[in-house]
Amino acid sequence: MNPATRFLNFFVYSNLFIAACTVLMVNQTSKYLLKQLPDRSLLLFVFFSTICSYSFHWFLTSESKVQLPRITWVKKNKAVHLVLFVIGLVGAAFYFFELIEWWRWLVLAAIITFLYSAPKIPHRWFRALRKVAIGKTISLALVWTYVTAILPVIVEESRWTTDVILYAISRFFFIYAICILFDFRDREDDQAAGIRSMVTWFSEKNVNRLFYASVFICYCTVIALHFYGYSWQGIILLLIPAVITQLMYRYAKNNFSDMLYYFILDGLMMLSALLMLIFGFG
């Protein structure tokens, strides 16, 4: 394995990549939607919290019905996840106190984040969460939307105008569509663990309908932003990742490579934010 591949694997598998995605998405909400610079403490809180929560999640993940290189990497690098979990926890705690004025909203973010990984904890109380129908998909999409599209509005004390609500809805359904693909890939693991996700609960036809309905709602709410003063150029940048996700749907349902899911699909969540930085929006 060449050095570039090793670096990419570490960057993605250590969760540094997904933490960077989260920061870009928060930055996008502040600059594009709220027309102001993001709160530095919030950006750092989100970065460290993501490192903490994802390291915790993957530390508890060591088996999979699908043979994925990431599982092998996780098994060999448990110490890396443990160290990053501690670093993330300390960093999140530090910036939590800098944002103490909004502690209720930050604690809420922590709770809904924890609920996603909780079923992996080997205790009967947490195993019971595996029986909650469709909860896995909704909770993951909800926490991403809350942290990246709602929390910045709360911390920066902005008004809940119609365009803000439309933006949050569009983020939820876009992320939800991506989560459906992750559920489809994880269906064997979820069935073996007794976790009831969208894919294990519904027929494939109904899952397809849910995916396309989610993408359609995303399109509608993003386009509706034009009626609240947002330019078509920015709206197109918001739509590009959703269009790519729709085009990749059938392919991704049959190809479960790590980099497709943890680099490309995860990266699509922040693609519009990156494009806006490149083209100077916000």
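**Close-up views of a predicted model**

**View 1. The largest nonpolar core.** Of its 83 residues, Phe-45, Trp-144, Tyr-146, Ile-175, Tyr-261 and Leu-265 touch the most other members. Such a core is a set of buried Ala, Val, Leu, Ile, Met, Phe, Trp, Tyr and Cys residues joined through side-chain atoms within 4.5 Å; buried means under 20% relative accessible area, exposed over 50%, and partly exposed in between (1.4 Å probe, protein chains only). Helix H9 (residues 162–185) gives the most to this core, with 15 residues. Helices are DSSP runs of H or I with at least four residues, numbered from the N terminus.

This is a predicted model, in which local features need pLDDT of at least 70 and side-chain atom pairs count only at pLDDT 80 or more, while totals for chains, interfaces and linings use all residues. Residues are numbered from 1 along each chain as its sequence is written, and side-chain values use heavy atoms, leaving out hydrogens and water.

**View 2. Trp-58 and Tyr-262, an aromatic pair.** The whole structure holds 20 aromatic pairs, meaning rings of Phe, Tyr and Trp (its six-membered ring) with centres within 6.5 Å; planes under 30 degrees apart count as stacked, over 60 as edge-to-face and the rest as tilted. Here the pair is edge-to-face, 5.6 Å centre to centre with 80° between the planes. Trp-58 lies in helix H3 (residues 40–59) and Tyr-262 in helix H14, so the pair ties together parts 204 residues apart in sequence. Both Trp-58 and Tyr-262 are buried.

**View 3. Tyr-212 and Tyr-249, with ring centres 5.5 Å apart.** Their planes stand at 75°, so this pair is edge-to-face. Tyr-212 is partly exposed, at 31% relative accessible area, whereas Tyr-249 is buried, at 1%.

Technical notes
Helices (H or I, at least four residues) and strands (E, at least two) are DSSP runs, numbered from the N terminus.
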